Amino acid sequence: QLRIGDTIYDVSISNKLYRLKKALNSRPLTETGGESMVAGVREAAENMELGIDVFQVGRVISTSDGICWLDGVADIMFGELVELVNGERGMVMDIQPDRVGCVIFGSYDHVDSYSRVRRLNIMASVPVGEVMLGRVVDALGSPIDGKGRIWYTETRPIEYNAPAIPDRLSVSVPLHTGIKAIDALVPIGRGQRELIIGDRQTGKTALAVDAILSQKGKGVICIYVAIGQKRSTVAEIAAKLEQSGAMEYTTIVSATASDSASLQYIAPFAGAAMSEYFMYKGQ
């Protein structure tokens, strides 16, 4: 390794193994036989470019409550991802002249002061596409429903400009909730924002779930983002949608009460990014 300032020029074996591990993690596992898996590892190793790896590093100044302050990484941008020493990732949220602030996704128990932070040169993003339908995922798009890994091919940044007003079509197609009183009195259209406000236990979630159930066969994609709910509550909603066949066109993004504050913060952004994928396809 050659380090100049906070930039590292790396040709070490350990860095090549690190890159090989990342390459293998992103390979679809089509066969589970021992020989085919070994052949896949060999193919990934042969196809890996063995040039000089150039990346920036910083160091942790302090960590508390899922917030990490760094120095170094001079060229980093707002919303960019960094990798901490325990393998967890963080998103840059504050850039000051002498330090950089980021939120940590996941555990921060083993992030010590003066440990190394690696800049990943990618913006915070989530997987999108048809493969997300029918799945329950966390705020980073990782599956939490026990149905195996999601082999996605596209991602979208969680921070993205909303389309300008002239670029939007007027609302013209109705969206029926399946509750006659609401459909008769409150005109709701596709592409329209509609608040559901009420006290606890007044049926806000029941109304949202009924609206999802009533979209069956209408070509509407539904994304349910649960923030700060109990895991059991989210599991009940997923089971109800599964029984009714509604999970075929639904994705549940879950950041439960036991998840970190940073995951709960980005959950609505993740849900919006997953839905924007279909919007920009014209659906």
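Strands are DSSP runs of E with at least two residues, and helices are runs of H or I with at least four, both numbered from the N terminus. The model is predicted, so local features need pLDDT of at least 70 and side-chain atom pairs pLDDT 80 or more, while totals for chains, interfaces and linings use all residues. Residues are numbered from 1 along each chain as its sequence is written, and side-chain values use heavy atoms, without hydrogens and water.

**Exercise 1.** Find the side chains that make polar contacts with the side chain of Glu 83.

Step 1. Glu 83 sits in strand S5 (residues 80-83), and its relative accessibility of 9% makes it buried.
Step 2. A polar contact is a pair of N or O atoms within 3.5 Å; within protein, one must be able to donate a hydrogen and the other to accept it, and residues adjacent in sequence count only if both atoms are side-chain atoms.
Step 3. The side chain of Tyr 18 meets this at 2.6 Å, and that of Lys 22 at 2.9 Å.

**Exercise 2.** Trace the chain from strand S12 to strand S13.

Step 1. S12 (residues 222-227) and S13 (residues 250-255) run parallel, joined by 6 bridges; strands pair if DSSP finds at least two bridges between them.
Step 2. Between S12 and S13 the chain passes through helix H5 (residues 231-243) in a right-handed β-α-β crossover, clockwise from the first strand over the helix to the second when the strands point away from the viewer.

Technical notes
Buried < 20%, exposed > 50% of the residue type's maximum accessible area, 1.4 Å probe, protein only.
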